[in-house]
Amino acid sequence: MTLVWLILIPFIGGLLCWQAERFGDRAPRWIALGTMLLELVMVLGLWVSSDFSLPAQGATNAWTLEWQADWIPRFGIQVHLAIDGLSLLMIALTGLLGAMAVVCSWKEIVRRVGFFHLNLLWILGGVVGVFLAIDLFLFFLFWEMMLVPMYFLIALWGHSGSQGSSRIGAATKFFIYTQASGLLMLIAILGLVFAHHAATGDYTFAYADLLNTPLSETTAWWLMLGFFVAFAVKLPVVPLHGWLPDAHAQAPTAGSVDLAGILLKTAAYGMLRFALPLFPEASQAFAPVAMTLGLIGIFYGAILACGQRDLKRLIAYTSISHMGFVLIGIYAGTELALQGVVALMVAHAFSAAGLFILSGQLYERLHTRDMRQMGGLWGRIRGLPGFALVFVAASLGLPGTANFVGEFMVMFGAFGVAPWVVVIASAGLILAAVYSLFIMQRVYYGPPAEETPLAGLDRRETVLLFGIVALVVFFGIYPQPLLDTSAGAMQVVQHSVQQAGAMMGGSQ
Amino acid sequence: MSHAAMMALMAISPLILVCLTVIVVMLSIAWKRNHTLNAIVTAVGLNVALLALLFGWSLGPVDVTSVLVVDDLSRFGAVLVLMSTLACVTLAHHYLEGYEGPRDEFYLLLLSAAAGGLVLVSARHMTTLFFGIELLSMPLFGMLAYTFRDRGALESGIKYMVLSAAATAFLLFGMALLYAVTGTLDFAELGEALSVSGNDPWLLAGAGMLLVGLAFKLSIVPFHLWTPDVYQGGPGPATTFLATASKVAVFLVLLRLFQSTLAFHENWWHDLLAVIAVITMLVGNLLALTQNDLKRLLGYSSIAHFGYLLVALVVNEGLAVETVGVYLVTYVLTTLGAFGVVTLVSSPYVATGGTADASPLHHYRGLFWRRPYLTAVMTVSMLSLAGIPFTAGFIGKFYIIAVGVEAHRWWLVGSVVVGSAIGLYYYLRVMVTLFLHEPGMQRRDARHDWAERAGGMVVLGVATLIILLGLYPTPMIDWVSWVAGS
């Protein structure tokens with residue numbers, strides 16, 4: 001039942017927030033914060049109390065906790081939830097970033113506070129559902145459902161764009177991109193289910209059953225593409241990234257934090273959990289294409305980041321660049337690379353969330369995100385620029401930060417499989433340094449636009465930022481807890497990739 | 001009275017009861033013009049008919065003369081027709097309170113149209129098909145033009161009448177051709193004749209014309225041109241009936257035709273139908289994009305939805321019947337929700353001379369901050385129309401995609417996806433309009449006590465049902481698959 005509660009708590013908390021609005025603006029905030037902290041405590045409790053170093057036997061998943069109930073027997077659909085190291089890490093991240101999102105919008109959101117937190121918490125509830133569902137129907141439901149509150153978050157509380165583009169336009173774009181690609185995944189899921197039905201005569205959406213569906217090579221290829229496109233839109237992979245900069249630019253800070261910190265991770269999670277294990281051979285064959293796309297993403301994101309004027313758009317493009325590394329790591333398929341992907345996802349969640357929170361705080365003080373109107377802020381705001389330096393350093397992957405660990409492991413792990421990809425990708429690191437320095441130079445150094453000092457960080461902001469910095473540095477120095485937790489889950493993925501490789505090698 | 005005749009009477013009793021209610025209401029009007037009383041009598045009559053229908057379910061399939069059959073499919077259709085009629089009665093009562101002309105006759109028309117729907121879902125012979133369609137359409141002319149002092153309503157009624165007449169001509173001509181070639185009007189016998197001499201040009205022409213007539217009622221492209229104007233102009237309750245009960249009944253008779261008669265064995269028939277389905281979804285969705293009028297937009301969206309439904313007819317095997325059933329249930333619920341809100345916001349009726357209802361989209365701007373629960377209903381309906389998970393609409397869309405994937409009709413499935421993606425744009429636009437706040441805009445509001453009225457309760461119930469069926473669709477799926485299987 002713990003797993004069910006993990007999903008239900010944010011939903012219930014959201015409803016409470018909505019109703020609590022009648023008691024003033026503060027009530028919803030505290031309820032939302034309490035909800036997310038409760039979620040976090042529950043996950044951490046689960047983390048401490050269970051053993052994740054289970055050696056994975058063969059290619060079967062070793063779930064730490066499982067819960068199932070019949071739902072739609074006509075199609076063999078169940079409410080089937082399960083948690084392993086990977087999902088646990090992701091849910092812990094969701095709880096943490098959720099709490100941060102609540103805290104960072106404490107002063108930013110002043111209108112319709114209750115309804116705002118309803119949406120915020122429902123996104124997080126949907127995300128937790130995505131991380132827990134191992135019935136494909138249920139997974140799809142959560143995958144699509146979390147778009148609706150995100151849409152509202154951007155459309156109703158977003159900022160108007162710097163170039164006159166509207167927040168509703170951005171929200172609609174985000175929704176249509178993800179929903180349409182999601183329907184492709186639904187087609188792929190149904191194709192898989194009917195293939196399984198044809199082979200065995202049973203309808204089932206259960207992950208474990210569908211894993212061993214016999215598929216012809218072309219079918220597997222098309223179905224894999226269906227999954228890949230859905231995940232690629234969300235990750236985002238470059239030709240499908242069009243929604244991301246707009247959505248980030250218009251979203252309120254909490255929306256950006258969730259979007260970059262968690263929503264992008266659902267895509268990587270989906271690839272690791274579903275796309276690779278369900279279609280190992282097809283994915284193996286697709287790996288060169290995926291890695292090339294990853295490379296394009298690294299360079300495209302980094303180069304476009306250099307040319308941005310809007311601070312949040314810049315950070316959004318750096319996300320695209322970082323997700324390129326994630327994609328390469330996933331399709332490299334070695335255990336080291338996969339572990340690196342997990343570390344990188346966690347690290348990127350922290351650094352991107354930190355940068356977005358900072359840009360939100362700058363916006364509260366300057367009422368602009370246009371970097372041409374910034375400059376010289378180092379002397380004008382107490383505290384904030386220092387934190388910015390740390391997050392920028394983390395974002396460019398400086399040793400000592402968690403991002404370094406992740407990127408290093410991805411590159412190291414992928415080198416044996418695709419040396420040239422790694423060589424080219426490491427050139428992308430230089431671009432990372434360039435755009436990172438651009439941020440520092442344009443925003444914090446240079447001639448100040450005005451001399452008047454701006455409000456420094458208050459206690460809430462300081463504690464929030466210190467927390468993130470501590471986590472970035474802690475996991476940079478000692479990433480072992482992350483790696484231990486996800487090791488079992490990653491071994492399973494790696495095993496299926498290896499098997500596919502062996503089979504393909506044998507057939508040639 | 002013989003046992004068989006008794007059985008037939010019991011099986012057809014819902015139809016008889018509805019017709020009796022027509023007479024009772026008529027007498028009651030003659031006795032005393034009491035709006036509320038007549039609405040209550042109507043509702044009671046419909047409920048009794050519904051009860052009779054449920055009790056009759058245990059009888060199994062019953063042949064009522066050689067032109068009507070009461071089986072599970074027809075009972076399923078009858079439930080949907082009666083339920084939507086009931087919802088329309090409650091909405092109409094609230095709506096017509098502001099109307100200064102005679103109000104009570106609306107219920108007469110509504111009941112007659114419902115009787116037509118009941119005939120239609122049981123039809124297995126061309127005569128009953130024709131009789132049902134006409135009985136369904138004739139009162140609709142009157143209902144659509146009921147508030148005839150408004151130009152919009154009058155236009156809508158006349159437009160529907162003229163174009164309906166044209167469609168009827170097609171229908172009759174098609175039947176005549178079929179009869180000329182085969183010498184029969186029975187669905188099953190026609191089916192045999194078609195499978196024997198399927199390529200006879202007169203036969204094909206006849207079947208084609210028949211389809212044109214039905215396609216008009218379902219507003220399938222290219223016979224959809226009347227839809228937006230009629231939807232926009234007609235009074236709320238009448239449009240609601242047109243969008244739900246009328247379309248369900250016609251679609252079910254089309255399904256029955258496909259099952260028994262026009263099981264066209266030639267592949268090109270299916271391909272032609274597939275092309276029509278694709279065009280219908282795309283045209284419906286594309287034309288809805290630029291609408292600034294909620295009722296027009298819903299009209300175009302209904303065109304698109306019947307395009308999706310056609311996928312099941314094209315496949316016509318495997319899950320097809322179940323898909324039609326599930327989709328119709330979800331469609332009716334969702335449409336009742338959406339039109340219910342429109343009608344409530346437009347209630348009570350206020351004469352404007354133009355289009356009386358609150359149909360321009362800007363009337364709904366910021367509705368959430370004034371009527372949160374009503375807006376929640378509308379939001380749920382929009383999400384359900386768009387097929388977002390955890391609403392009933394998603395289950396319908398899931399079935400449509402499943403049936404397409406099962407039959408490997410990839411083009412159709414692809415168009416459903418494209419259509420849904422386009423559709424999202426305007427559904428989202430409506431949704432976000434409800435939440436925007438712009439002071440100083442022209443407003444139209446539901447009355448403060450809307451939720452305590454029958455219409456309000458029906459609408460809230462519908463929204464709850466949409467969510468419940470989205471969360472736990474098993475009862476609906478079990479029911480429909482049982483209907484489809486037997």
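Reader: What share of the 508 residues in chain A is buried, and what makes a residue count as buried?
Author: In this predicted model, 61% of the residues of chain A are buried. For chain B, the buried part is 60% of 486 residues.

Reader: How should I read the numbering and the confidence limits?
Author: Residues count from 1 along each chain as its sequence is written, while chains are lettered from A and ligands numbered from 1 in the order in which they are written. As this is a predicted model, local features need pLDDT of at least 70 and side-chain atom pairs count only at pLDDT 80 or more, whereas totals for chains, interfaces and linings use all residues.

Reader: Why does B:Ala207 count as buried?
Author: B:Ala207 has 21 C-beta neighbours inside 10 Å, so it is called buried. You will find B:Ala207 in helix H9 (residues 201–217) of chain B; helices (H or I, at least four residues) and strands (E, at least two) are DSSP runs, numbered from the N terminus.

Reader: And B:Ser219 and B:His408: why is one called buried and the other exposed?
Author: Happy to compare them with the cut-offs. B:Ser219 has 25 C-beta neighbours inside 10 Å, so it counts as buried. B:His408 has 11, so it counts as exposed.

Reader: What is the phi angle of B:Ser219 and of B:His408, and where do they lie?
Author: Phi is positive in both: about 45° for B:Ser219, which is not a glycine, and near 60° for B:His408, also a residue other than glycine. B:Ser219 lies in the loop between H9 and H10 of chain B. B:His408 lies in the loop between helix H16 (392–406) and helix H17 (410–435) of chain B.

Reader: What makes chain A as compact as a globular protein of its length?
Author: Chain A has 19 helices and 2 strands. Its radius of gyration is 22 Å, close to the 23 Å from the globule rule for 508 residues, so chain A is as compact as a globular protein of that length. The radius is taken over C-alpha atoms, and the rule is 2.2 Å times the number of residues to the power 0.38.

Reader: How many helices and strands does chain B have, and why is chain B called compact?
Author: Chain B has 19 helices and 2 strands. Its radius of gyration of 21 Å is close to the 23 Å that the globule rule gives for 486 residues, so chain B too is as compact as a globular protein of that length.

Reader: How do you know what span to expect for helix H2 (residues 26–49) of chain A?
Author: Take 1.5 Å times one less than the number of residues. H2(A) has 24 residues and reaches 34 Å from its first C-alpha to its last, close to the expected 34 Å. Its buried residues include A:Pro28, A:Ile31 and A:Met36, and their cover includes helix H1 (2–20), helix H3 (85–104) and helix H4 (113–132) of chain A.

Reader: How many residues make the contact between chains A and B, and what is a contact?
Author: Two residues are in contact if their C-beta atoms, placed from the backbone, lie within 7 Å. The contact takes 24 residues from chain A and 22 from chain B. H7(A) gives the largest share of the chain A side, 13 residues.

Reader: What does A:Tyr151 touch?
Author: Leaving out residues up to four places away in sequence, A:Tyr151 touches A:Ala171, A:Phe174, A:Phe175 and B:Leu428.

Notes: Buried ≥ 20, exposed ≤ 12 C-beta atoms within 10 Å, placed from the backbone.
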